[in-house]
There are 2 protein chains.
Amino acid sequence: MAQASSLPLATLAPDGRTARRLVRTGQHTGHTAGMAPGHVQANLAILPRAQADDFLRFCQRNPKPCPLLAVSEPGDPLLPTLGDDVDIRSDVPRYRVWRDGMLVDEPTDIASLWHADLVTFAIGCSFTFETALLQADVPLRHVAQGRNVAMFRTNVQTVPAGAFHGPLVVSMRPLKAADAIRAVQVTSRFPGAHGAPVHLGDPARIGIADAGRPDWGDAVEIADGELPVFWACGVTPQAVIEAARLPFCITHAPGHMLVTDLRDHQLAVL
Amino acid sequence: MAQASSLPLATLAPDGRTARRLVRTGQHTGHTAGMAPGHVQANLAILPRAQADDFLRFCQRNPKPCPLLAVSEPGDPLLPTLGDDVDIRSDVPRYRVWRDGMLVDEPTDIASLWHADLVTFAIGCSFTFETALLQADVPLRHVAQGRNVAMFRTNVQTVPAGAFHGPLVVSMRPLKAADAIRAVQVTSRFPGAHGAPVHLGDPARIGIADAGRPDWGDAVEIADGELPVFWACGVTPQAVIEAARLPFCITHAPGHMLVTDLRDHQLAVL
């Protein structure tokens, strides 16, 4: 879940390392949208080893909603490929702690909860492709209006693995046809950030009854002459994990992402 | 205009050189659809030098309908970059000769009409990207039904140059949303063959009142759950030339193209 529930300006940081230092030292506990422009942010899932193998296979089978940027060694809180100082116990502004499928806490640090059995998954997020779209002059209404992107549960099923299964969740951005075509081109370059759209046009085709009533995020107008364009969304793995009612797991709080050292353009395949 | 008005099987040739020999020797006078699979075919316009400079600027300004593959030296009937034996006086199965904007003849050879003032334009055609779409398992209904693609005049104006101006003509292929997204990706690789679509969805947005009544080619059904997807079409320069009512010019007869030595994949930019 990339977006915060409200989007006041985040603390600005020139790079991922600075952003993480502000987070780690408690100087920044808010959302991370726009925090270190041009740097990749990641969705987070921390699972016990007993479920981690299944979840890894789930991500492998569903790369559009779950583009894996990094998977830690079991018990290792570091993710050196995302930044040589990344410590996942402290570098996310706000976490969600789940027990038996219930949200039990939203701490700003999980050092006390860490143990040798945990595996961290860092999953690419739409901020990367939204930056690329804006740089390509493709207008994004929810950004212009300072809102969350609209997200919807679909009737498209993910490919299951072990306890992990459930519907694909998508984000929707209304675009004129020429911008939709350009958006396919731009986002196809970023398979590590959900890649090309999964659908465009009639929302009912993917089981969305009312494109004006999102299941997550904020409603956004679809103006005359615009098509709704749908991308696989990082809420998918969050919802799948929640539905699996694991004995224990940790995710990031919505919009409170891990800011990495990776530059957005490093995720571009072309 | 890529398609023939009817599509019986063309004579098959293993390569462009063989195809041209069959044409040059009068053994093949029909359309060229599918004649040398995998080889680029070209739309043709032959103009007096007095208009050729304007037309060259017209093509430069309108690259989606007019992707130039080659432009000859004035008076030179050869196009060596398309095949070292290409002689444009004999290597197209059927020509159209125009005088003062009127179609006056459809010969199979133009040697007697050639003179030192003529400039040849070879323009990429949709056969190249249709081959790529079919190889990507994007279904093309008009191909499956053995029909011409449906083509429409739009209310989108080309960028004029000299005497050359007029509306963009598009071809339309009905596709499911996922195939439309894939088609954007596949055809974006081929700017030399009209490239990515120019529009998808509501035909009225580009001035098409009835997508079931094409201005050229055959009507094709748009099934439930499909979007019409529109590409810039090589009929555009043909229509623009016709409207310019030049004292003299020559084009290919619809569907009777120049078969080149270029392989389709050589036009791919990625």
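This is a predicted model: local features need pLDDT of at least 70, side-chain atom pairs count only at pLDDT 80 or more; totals for chains, interfaces and linings use all residues.
Between them, chain B and chain A bury about 1,300 Å², with 70% of this area on carbon and sulfur atoms. Within chain B, the residues that lose the most area to chain A are Ile181(B), Leu200(B) and Arg205(B), which together account for 39% of what that side buries.

**The interface between chain B and chain A**

The contact draws 15 residues from chain B and 15 residues from chain A. Polar interactions are also present, with 4 residue pairs in polar contact between chain B and chain A, both residues being at pLDDT 80 or more. On the side of chain B that touches chain A, at least two residues each are supplied by α5 (177–188) and β8 (199–200) of chain B. The element that gives the most to this side is α5(B), with 5 residues. Sorted by class, the side of chain B that touches chain A comprises 9 nonpolar, 4 polar and 2 charged residues.

The count of salt bridges between chain B and chain A is 2. One of the salt bridges in the model links Arg205(A) with Asp224(B), where the closest N and O atoms are 2.9 Å apart.

**The interface between the domains of chain A**

The domain assignment divides chain A into domain 1 (16–124 + 244–267) and domain 2 (127–236). The C-alpha centres of domain 1 and domain 2 of chain A are separated by 22 Å. To their contact, domain 1 of chain A contributes 23 residues and domain 2 of chain A contributes 25 residues.

About 1,800 Å² is buried between domain 1 and domain 2 of chain A, and carbon and sulfur atoms give 66% of that area. Between these two domains of chain A the count of salt bridges is 0, while 6 residue pairs are in polar contact, both residues at pLDDT 80 or more. On the side of domain 1 of chain A that touches domain 2 of chain A, β1 (39–48) and α2 (49–61) of chain A each supply at least two residues. The largest share of that side, 6 residues, comes from α2(A).

| Interface | Buried area | Share on carbon and sulfur atoms |
|---|---|---|
| Chain B and chain A | about 1,300 Å² | 70% |
| Domain 1 of chain A and domain 2 of chain A | about 1,800 Å² | 66% |

Definitions and conventions: Residues are numbered from 1 along each chain as its sequence is written. Chains are lettered from A and ligands numbered from 1 in the order in which they are written. Side-chain values use heavy atoms; hydrogens and water are left out. Contact means heavy atoms within 4.5 Å. Buried area is the accessible area (1.4 Å probe) that two parts lose on being put together, summed over both. A salt bridge is a side-chain nitrogen of Lys or Arg within 4 Å of a carboxyl oxygen of Asp or Glu. A polar contact is a pair of N or O atoms within 3.5 Å; within protein, one must be able to donate a hydrogen and the other to accept it, and residues adjacent in sequence count only if both atoms are side-chain atoms. Helices (H or I, at least four residues) and strands (E, at least two) are DSSP runs, numbered from the N terminus. Ala, Val, Leu, Ile, Met, Phe, Trp, Tyr, Cys and Pro count as nonpolar, Asp, Glu, Lys and Arg as charged, and the others, Gly among them, as polar. Domain bounds come from an automatic or database domain assignment.
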